[in-house]
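Subject: Handing over the structure

Hi there,

Here is the structure I promised to pass on.

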Number of protein chains: 2
Amino acid sequence: MAMKRISYKNIASPKGFKATGIHCGLKHKKKDLGLLVSEVPASVAGVFTTNAIIAAPLLITKDVVYQTGKMQAIIVNAGNANACTGKQGMADAYTMQKLTADKLGIDRNLVGVASTGVIGEHMKMDPVTEGIKQLDPVDELEGAMSFSQAIMTTDTVTKNTSYQTIIDGKEVIIAGTAKGSGMIEPNMATMLGFITTDANIESKYLQKALKSITDITFNAITVDGDTSTNDMVVVMANGMAENNTLTPDHPDWENFVQTLHVVSQELAKMIAKDGEGATKLIEVEVKGAITDAEARKIAKTVVGSPLVKTAVFGNDANWGRIIAAVGYSGATLDPNAITIHIGTTKVVENGEPVAFSEEDLIVYLKQPEVKIYVDIHQGDGLGTAWGCDLTYDYVQINATYRS
Amino acid sequence: MAMKRISYKNIASPKGFKATGIHCGLKHKKKDLGLLVSEVPASVAGVFTTNAIIAAPLLITKDVVYQTGKMQAIIVNAGNANACTGKQGMADAYTMQKLTADKLGIDRNLVGVASTGVIGEHMKMDPVTEGIKQLDPVDELEGAMSFSQAIMTTDTVTKNTSYQTIIDGKEVIIAGTAKGSGMIEPNMATMLGFITTDANIESKYLQKALKSITDITFNAITVDGDTSTNDMVVVMANGMAENNTLTPDHPDWENFVQTLHVVSQELAKMIAKDGEGATKLIEVEVKGAITDAEARKIAKTVVGSPLVKTAVFGNDANWGRIIAAVGYSGATLDPNAITIHIGTTKVVENGEPVAFSEEDLIVYLKQPEVKIYVDIHQGDGLGTAWGCDLTYDYVQINATYRS
């Protein structure tokens, strides 16, 4: 049974999930506090920032994922990252966990916490405390949308996707929401991703599934070592679809992983496309590297090059910047065996320029999604990365972020 | 004897050096062809791009440095990088070498070639051929200035410095010129540097001296692996000051190396300050790392962060972005042992925010040179890196470079 996208479903659609989001007062007017909750404790998996400086809420959520091994709810705020806030920051994050647990009448060790926003300012706990009391999660689209809005910072659109598949004859939904945005590559953006599913699966296998797809989805936009203090993606699987427990030996294992992959990839692409100030999604697909990892490294280097990003913004078929980025990616390559296409137009073959119509390429580059294909002819390694163009608006947004 | 800066001296000032630059027709109107020449074959040292894709002229100059071991002249053009131009590109670079050698009546193996400009277009050899015939190098300021102008691409100012010192009682001059600019970090800029001196030193020791300072000068703005296809720095030492040959055992060895260091560092800082669209030089000084290399890595990561760069442009004391960059630098650190100053204002201590006057810092951030000090309290490692702010003009310049 193939998966299918169900556009009207959302993170509150898998059986037993509810969500909500409100304005509590960390931002001026917009929603800034969200809650995602499952009727029963859910299996949980998570991937977290590799930044050496880790925000307080992540330390708590990591404990839930790795120590408790189950999660039933996660409380999320935007407007303050609660990072570099010392002991007070830890205390505040624990307070958020405790208040949420008390409100829901569940064990605090089942409650995750996530934050995004300015680094180094202590949380205003009065509005958060009042806000948590007011949260009223529902299993409807409205609840999911308000949650998606409450996790936004400089995001311009909410990011949601959902797929349905059949496992053991049972309908299973995997849905996700995420926030970006920042300059995705090569710098840190706080990326938060929340994926819900009613599939029945143990935490250890859910973690295995998430790990297997992270490098080719979320990490293909946010590079290891270029992460923020607050990045996290968590998946909650509450088992209420009542399929037989998924393990790698289950006949539908691959189906489940593929569906999770597609949900993750769509969220990742939405984050890249909504990079700060971005007007275009850039996709770089590399083949012919000696390994998949090297192919991804090249793809990420090209999509992260400020000179490539500004050229795409300027509708400039400046492939010299593309090949230069391939060259400094550090991957094993032969300069005379590189082929580059921009869209369907070949611009480089055997490392040398090919005649092409600049006019036609300008028309292509004006599209909202620009694809760059690089073949380095060294092996079978494949990799894709996503990013966005670098624009005046990026500078404007980030030169005045706190003002 | 201490070195001293002599502002009116230049690359044509060391005994026996001449220079010139003219417009030959690779650019619309500006100078685009330069020649630097020594009366006698000079000892030579060079550092070259680590990009896997290396422009044709660099292959030739590398041969001169590593095979011939002496250089008497170098021909440089701007407007075309002669990179990714295949066999024709190599033939064109050899032609430039040969024409220059013939004009000067010297062996072609004593002539280096350097190019900067657009990648992937074949050289227009007619104007270059005609231009080489017209070159008339002189040992005056005018010759040095016209050479400096002829190597510029998007540079807004020429970059020159010169120091004088005494070795064995002889006056020795070390002078240099360079071009940037691009976004220095984290991306490739074509950086060309030409340093002349009348010191007497063998090529192998000149190379040793250059290598010893490259990481803390030119590589502190252009990171390994983030280099262009055309980067190079060459030093020519023609011995006409008639000091006893410099070796590491010579009593003035350190004096010579320090003078070369200062010349290189000044050129590097000038390149960083004139980064495309830049309004400010940013200097990041890191101490307390476990090694100097780790300190430099942190410094380069901070100064290369687009979010730090835009914050500095916006006069925003957003130290959260600084500490986040420290965190993702990959260096060994303790999040709770980080101190950060912006100028003389402490903004972070023990990883936590310190109260400070935003108003005072805004005044500081509006200065043309902004210094950021990071102490991670892990060891004795020191390192400094230089960069520039990220501005609307950077986007404008690079979105329309070829238009």
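Below are some notes on one asparagine and on several salt bridges.

First, the ground rules. This is a predicted model, in which local features need pLDDT of at least 70 and side-chain atom pairs count only at pLDDT 80 or more, while totals for chains, interfaces and linings use all residues. Residues are numbered from 1 along each chain as its sequence is written, chains are lettered from A and ligands numbered from 1 in the order in which they are written, and side-chain values use heavy atoms, with hydrogens and water left out.

**A:N238**

In chain A, the loop between β9 (232–237) and α6 (253–273) holds A:N238. Helices (H or I, at least four residues) and strands (E, at least two) are DSSP runs, numbered from the N terminus. A:N238 has a relative accessible area of 8%, so it is buried (buried means under 20% relative accessible area, exposed over 50%, partly exposed in between, with a 1.4 Å probe and protein chains only). Its side chain reaches the backbone oxygen of A:K15 at 2.7 Å. The side chain of A:N238 also makes a polar contact of 3.3 Å with that of A:S38 (a pair of N or O atoms within 3.5 Å; within protein, one must be able to donate a hydrogen and the other to accept it, and residues adjacent in sequence count only if both atoms are side-chain atoms). Leaving aside residues up to four places away in sequence, the residues that A:N238 touches include A:F17, A:V40, A:T197 and A:D198 (contact means heavy atoms within 4.5 Å).

**Salt bridges**

Over all chains, the whole structure has 24 salt bridges (a side-chain nitrogen of Lys or Arg within 4 Å of a carboxyl oxygen of Asp or Glu). One of them pairs A:R5 with A:E266, with the closest N and O atoms 2.9 Å apart. This pair links distant parts of the chain, from strand β1 (residues 4–5) to helix α6, 261 residues apart. A:R5 is partly exposed, at 39% relative accessibility.

A:K346 and A:E349 form another, at 3.1 Å between the closest N and O atoms. Both are partly exposed: A:K346 at 28% and A:E349 at 35%.

In chain B, B:K98 bridges to B:D102 at 2.8 Å. Helix α2 (residues 86–104) carries both, 4 residues apart, about one turn of the helix. B:K98 is partly exposed at 35%, as is B:D102 at 48%. There is also a network, in which salt bridges that share partners join A:D155, A:K159 and A:D274.

Best wishes
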